[in-house]
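User: Please take a close look at one helix of this model and then set it in its surroundings. Plain numbers will do.

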Amino acid sequence: MASCAALSSSLVEYFEGEDFYRCGYCKNETGSRSNGMWAHSMTVQDYQDLIDRGWRRSGRYVYKPVMNQTCCPQYTIRCRALQFQPSKSHKKVLKKMLKFLAKGEISKGSCEDEPMEPSMEDAVAGDMALINRLDLQCDLKNLGDNLKESLEREVKKKGKSTKKEESKEFIQSQDRNEELGSGEPSHAVEVHAVPKPGKGADLSKPPCRKAKEIRKERKRLKLMQQSPAGGPEGFQAPREPKTKPNQPKSLEELIFESLPEDSSHKLEVRVVRSSPPSSQFKATMLESYQVYKRYQMVIHNHSPDEPTVSQFTGFLCTSPLEPENPPNGPDCGYGSFHQQYWLDGKIIAVGVIDILPSCVSSVYLYYDPDYSFLSLGVYSALREIAFTRQLHEKASQLSYYYMGFYIHSCPKMKYKGHYRPSDLLCPETYVWVPIEQCLPCLENSKYCRFNQDPEAADEGRSRDPDRLQVLYKKAILPYGVFKQQQREPGEEAAVLQYASLVGQACSERMLLFRT
């Protein structure tokens, strides 16, 4: 028996039982079914193992669809980033971005973006209704409260002050000596607010630059290309071309193609740690929230009052993942991050990502609807794949890009299968199967076992539940000991269900909170 004073592992609270809820994909009012747990804290290795068993997080809530019963089976999908080759449509999106940056050219015709995911709240709407009814007796539940209160104060300030709309906002790091690639700025970041008509020049547009400034900028970009850490203030640095003659251009060459010195626009991508929030994340949180609010209102038709501060911080800012910075890991470390897309000094899109031992896991994307013509859904996915490849250079085991769930029964959600080569997770044996082998089966049935070996079983299944770790009355003890002290009806069934879903390895490492 151990004390929880030295607690450093994952701590979860499992919600026993299964209910039917509204589906965020097909809108069936009672069709969605999943199991879930509240993660008070979680190591990146435990979460890596969980998503390799079909789990996925939304904020601190971690859920797993009941695949053979839910209306829209959701199969975990991963792209083999190191072998990825952009398709013609992907190249078209990248060229469209380059034309816009270089000449300000806006492509005519329909937007070649993939259909949007449901809003984060819709995707787990029923489960969150359950969470809101629960009284979780743990101080760790309040970790994100300060972040929410801070943002709410900023929103109120912005609503009261009209002068701020016409002023320049300077954002500066608290630590100017932060390591490269950490997501922290190494110098002041200047953000201009767009003035009202008749109030002066539009400072959000790039000013005319002197030749000396242009030379300095070119020198800075050259240094960034040589930086293995990804450049200062968490920028994703352009990569040196590596393609041999007569071969198609690589993804990196297509993304970081040289722009003319007098380009119309400037795009920067910054990776900032969101949990615990870095100084750069805190400094830009209000602007990021405003982008999210507009995205929900325009893309998902939410009312102005619906995308609340609480929803934003709860789903997209707080995370159970504990930050880790091992010597053999990426320079930015493991954990939860926001990948911010800055166009001419303002945020136009944010990709919420988790950097894990084996992958970059895409959580969510939101963007300014005014820039829908840039196909930011596709563009951000390609940038995240390139980022995965960049991290692989330092962390060799990190080589996959996880795209969340693939839903074949929902036509609007098939687009994730276009990033090849990719694999789907077998919902019974938890082995990865190339998507080409899975599609014929999915054409015949919404639910499929992809592993064709009828004798194959789940190798990571729970074999010895008594070794499961329990946190009870501030003490850590094996379930075999705990169950001798408990006679609650249904207790054993709930614990055994939890063990079967998380697998033997996670059940022995993670602490299951019991009251």
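At 1.5 Å a residue, what should the 17 residues of H10 span, and how far apart are its end C-alpha atoms?

Analyst: At 1.5 Å a residue, the 17 residues of H10 should span 24 Å, and its end C-alpha atoms are 24 Å apart, which agrees. The expected span is 1.5 Å times one less than the number of residues. This is a predicted model, in which local features need pLDDT of at least 70 and side-chain atom pairs count only at pLDDT 80 or more, while totals for chains, interfaces and linings use all residues. Residues are numbered from 1 along each chain as its sequence is written, and side-chain values use heavy atoms, with hydrogens and water left out.

Of its 17 residues, 16 are buried (under 20% relative accessible area, with exposed over 50% and partly exposed in between; 1.4 Å probe, protein chains only), so H10 is largely enclosed by the rest of the structure.

H2 itself has 16 residues (88–103) and reaches 22 Å from first to last C-alpha, close to the 22 Å expected. Gly104 follows H2 and has a positive phi, near 75°.

As for the whole protein chain, it holds 13 helices and 19 strands, taken as DSSP runs (H or I, at least four residues; E, at least two) and numbered from the N terminus. Of its 515 residues, 53% are buried. The chain exposes about 24,200 Å², 50% of it supplied by carbon and sulfur atoms; the areas are Shrake-Rupley values with a 1.4 Å probe. Among contacts (heavy atoms within 4.5 Å) between residues at least 6 apart in sequence, 71% join residues at least 24 apart.

Elsewhere, two helix pairs can be described by angle and axis distance. Helix H1 (44–51) and helix H13 (491–509) pack at about 160°, with axes 10 Å apart. H1 is therefore roughly antiparallel to H13 (over 145 degrees; under 35 is roughly parallel, 65 to 115 roughly perpendicular, the rest oblique). In this pair, Gln45, Asp46, Asp49 and Leu50 of H1 meet Val502, Cys506 and Arg509 of H13. H13 also contains Glu491, which is buried at a relative accessible area of 12%. Leaving out residues up to four places away in sequence, Glu491 touches Tyr479, Phe482 and Arg514.

The second pair is helix H8 (279–299) and helix H9 (309–317), at about 115° with axes 11 Å apart. That makes H8 roughly perpendicular to H9. Phe281, Met285, Ser288, Tyr289 and Tyr292 on H8 meet Val309, Gln311, Phe312, Leu316 and Cys317 on H9. Axes here are lines fitted to C-alpha atoms over the stretch in contact, and angles run from 0 to 180 degrees between N-to-C directions.

Gln74 sits between strand E6 (61–65) and strand E7 (75–80) and is buried at 8% relative accessibility. Beyond its neighbours within four places in sequence, Gln74 is in contact with Tyr25, Tyr63, Pro65, Met67, Phe405, Tyr406 and Ile407. Gly54 is 20 residues from Gln74 in sequence and 8.6 Å away, C-alpha to C-alpha.
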